[in-house]
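Grab your viewer and work through the exercises below. Try each task yourself before reading its solution.

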Amino acid sequence: MKTNVWKVDKYVDNLESNPQIVDAAQVLRQNEVVALPTETVYGLGGNAKNDEAVSKIFAAKGRPVDNPLIIHIAEQNQLNEFVAEVPRKASLLIETFWPGPLTIILKIKEGILSDKATAGLGTVGVRMPDHPVALALLKACGLPIAAPSANSSGKPSPTTAQHVLEDLEGKIAGIVDGGPTGVGVESTVLDCTEDIPVILRPGAVTKEQLEEVVGEVRVDRALTETDLKPKAPGMKYQHYAPNAPLYLVAGSHAFLQQLVKDKQQEGLRVGVLTTEESVNDYQADVVLACGTRAEPETVAASLYGVLRNFNHEKVDIIFSEMFSNSGVGHAIMNRLQKAAGNKLIQE
Ligand code: TXA
Ligand code: MG
C-alpha cells in the first residue's frame, strides 16, 4: 500500500476546508487508517464505529487486541452519542482541561462504537486533542476517531511524521504531517467511572492539577508496584523500548561514567541519555541530551525522539540518568521505567 503524505501548516486559517485535510477526512470516511498529529504524539486514526477500520489500526501496529483505543472527538456534544453518562467530576475536568492531554474513562452506551475499539470493556477512554490539525480533521470527517499512538507496538511513540513513516510506511493509507508534536508524552489517562478518579497512566496533566479541580485523585497502584495487574490494559506491555537494553542509573555522573567504561572494555558500543546540562560529563560512544533538567517539559518533548536516535546510532547498551518524579516528571519516569523494563542500577 502506498502511504500518502499530506503536509499541512498548522498555523493557516480555515484548516477545516484545507484541501489536504478534506482529502484525509475522505479517506477516514472510507474506513482507511490515517496518522495525524496531536499535541502529545502522533496518533493512528480510524473510524471508531467501524470494525474494519479499527481492525486495520491493530493490524498496522501489531497491537494486542485486548488493549483498547482512545476515542478522539472535536466537540463535547459528540460524547452523548456513545457515552452512557458524564459524572459531575468528569464534567468539571472536561471544562477545565479539554481540549488537552487528558483522556477520561467513562461508561459506554452499548452498540455505537466498534467493540474492537473498546476491547469489549463496557468503558471507553475519550479525549479532545489540543491541536489545530487534529481538530480540523476530526471536524471535517464528522466521526469519533479511534487513535492509539502511531508507532509499531512496543516502540517509542512518534513525535514527528518521520517517526511514523519509520514504523508504518506501506502499512497505512496516509499521514497528515503537521510538524513535530508539542508535549511529547501521551495523555494522562484518568478513570472517572468511580467516585474517586484514578490515574491509570501519568501524562502532562498532573495529579496536582486534577486535584485542584475535583479534590482527591488516586494513582493506580500498579504504576508503582510492578507485580500488580494495571487497570489500563496497555500499561502491562513492554513499551517505548529502544532496540538496545536500557538501564536507569541512580547515582553520580562519575558512577554512570564508570559503568560506561566497563562496558566499553567488553567491546560494546555504549550510549548515555542525559540532559543538556551534563553532556560534557560523559565519555561514551553516543551521548544524547533530552532537553534541559531546568525545564522538564523539554525533556518530555524530546524523550521519544532521543530513544529512537539511539536506534539510528546502533548502540549495544544505554545508560540513562534518572529524573524527578514530580509534575510531568511522573510521566517521564513512567515511560523511562517501561522503556528500561524496570532495569535499575543503584550506586
Ligand atoms: O496522547 C495520547 O493519549 C495518544 C494520542 C494519539 O491521543 N494516544 C495514545 O493511545 O497514547 P494508546 O492507545 O497508545 O494508549 C491508550 C492507553 C492504553 O494504555 C490503554 O490500555 C488505555 O489507554 N485505555 C484505553 N481505553 C481504556 C479503558 N476503557 N479502560 C482502561 N484503559 C484504557
Ligand atoms: Mg501507545
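**Exercise 1: contacts to the ligand**

Task: Find which polar side-chain atoms lie close to an oxygen atom of ligand 1, and at what distance.

Solution: Start with H72, where a polar side-chain atom sits 2.6 Å from an oxygen atom of ligand 1. Next comes T40, with a polar side-chain atom 2.7 Å from a ligand oxygen. Then take S149, at 3.1 Å from an oxygen atom of ligand 1. For bookkeeping, a polar contact is a pair of N or O atoms within 3.5 Å. Now for cover: on its own, ligand 1 exposes 680 Å², and the protein buries 97% of that (Shrake-Rupley areas, 1.4 Å probe).

A note on ground rules: this is a predicted model, with local features needing pLDDT of at least 70 and side-chain atom pairs counting only at pLDDT 80 or more, while totals for chains, interfaces and linings use all residues. Residues are numbered from 1 along each chain as written, chains are lettered from A and ligands numbered from 1 in written order, and side-chain values use heavy atoms, leaving out hydrogens and water.

**Exercise 2: the shell**

Task: Work out which elements give two or more residues to the shell around ligand 1.

Solution: First, the shell: 27 residues surround ligand 1, with T40, N67, H72, S187 and G234 the closest (a heavy atom within 4 Å counts). Second, the elements giving two or more residues are β4 (70–72), β6 (123–127) and β10 (198–201) (strands are DSSP E runs of at least two residues, helices H or I runs of at least four). Third, β6 gives the largest share, 4 residues. Last, sort by type: 13 nonpolar, 9 polar and 5 charged, with Gly among the polar ones.

**Exercise 3: a salt bridge**

Task: Locate the partner of K49 in its salt bridge.

Solution: The structure holds 14 salt bridges (side-chain nitrogen of Lys or Arg within 4 Å of a carboxyl oxygen of Asp or Glu). K49 pairs with E81, their closest N and O atoms 2.7 Å apart. K49 is in the loop between β3 (43–47) and α2 (51–61), whereas E81 is in helix α3 (residues 79–82), 32 residues apart.

Notes
A polar contact is a pair of N or O atoms within 3.5 Å; within protein, one must be able to donate a hydrogen and the other to accept it, and residues adjacent in sequence count only if both atoms are side-chain atoms.
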